[in-house]
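Me: Could you walk me through this model? I would like to begin with the charged pairs and then turn to the strands.

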Amino acid sequence: MMLSLPTAAQVERSLGLLLRRAVEASMQPAATRCRFAAAGSYHGGDRAPLAWLAADLPLAAHLAAALSLVPADAADDRVRAGVLDDTLRENFAEVLNVGARLIVRDDAGRLTLLQTAFGEPAVAALLPPATARLRRAVFKVEVDGYAEGLLGLWGAA
């Protein structure tokens, strides 16, 4: 089984529909280094991770805030604090849940959120090792009225 990662237009459309606001996404070089602070893994039914989605702290905070119309200033406060509060974690988990739609299986099966992680050490433990043979895409994402950040996706090759 192979997974297809989204285009920038698909990221814009999916997140825009979820957040009900304009989203701009641009593909970055796959080797872009990022300190991911929130992530989720996805499985296809057998509970073996097949795909991952992760965001840096600014993007995770602002996607989560935009989901429930929390002011951008409150998200900025969480970024300065270096950690998401419970509300933003809960909201970002919903972003991760919807994120399963961004990754398409060639067998038309559905991916389901398996696990979430917050904070750089937990995210590093959840994400696949850099040596894993996976497809990878990195996007710079900006949500209208909120900050921008990096979104990473990995999928079975």
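**Salt bridges and strand pairing**

Reply: The structure holds 3 salt bridges, a salt bridge being a side-chain nitrogen of Lys or Arg within 4 Å of a carboxyl oxygen of Asp or Glu. This is a predicted model, in which local features need pLDDT of at least 70 and side-chain atom pairs count only at pLDDT 80 or more, while totals for chains, interfaces and linings use all residues. Residues are numbered from 1 along each chain as its sequence is written, and side-chain values use heavy atoms, with hydrogens and water left out.

Me: Which residue meets Arg 35 in a salt bridge?

Reply: The partner of Arg 35 is Glu 120, at 3.1 Å from N to O. Arg 35 lies in the loop between strand E2 (23–28) and E3, and Glu 120 in helix H5 (residues 120–126), so the pair ties together parts that are 85 residues apart in sequence. Helices (H or I, at least four residues) and strands (E, at least two) are DSSP runs, numbered from the N terminus.

Me: Is Arg 35 buried or exposed?

Reply: Arg 35 counts as exposed, at 62% relative accessibility. Glu 120 is partly exposed, at 33%. Buried means under 20% relative accessible area, exposed over 50%, and partly exposed in between (1.4 Å probe, protein chains only).

Me: What separates Arg 80 and Asp 77?

Reply: These two are 3 residues apart in helix H3 (residues 72–81), which means a separation of about one helical turn. The side chains of Arg 80 and Asp 77 meet in a salt bridge at 2.4 Å, N to O. Arg 80 is exposed at 63% relative accessibility, whereas Asp 77 is partly exposed at 41%.

Me: And what does Arg 105 pair with?

Reply: Arg 105 forms a salt bridge with Asp 107, and their closest N and O atoms are 2.7 Å apart. Arg 105 is buried, with a relative accessible area of 13%, while Asp 107 is partly exposed at 43%.

Me: Changing topic: how many residues of strand E3 are buried?

Reply: In E3 (residues 36–43), 8 of its 8 residues are buried.

Me: Which strands does E3 pair with?

Reply: E3 runs antiparallel to E4 (residues 49–56), with 7 bridges, and antiparallel to E6 (residues 112–118), with 6 bridges. Two strands pair if DSSP finds at least two bridges between them. Tyr 42 stands opposite Ala 51 in E4 and opposite Leu 113 in E6.

Me: What lies between E3 and E4?

Reply: The two strands form a hairpin with 5 residues between them, and Gly 45 in the turn has a positive phi of about 130°.
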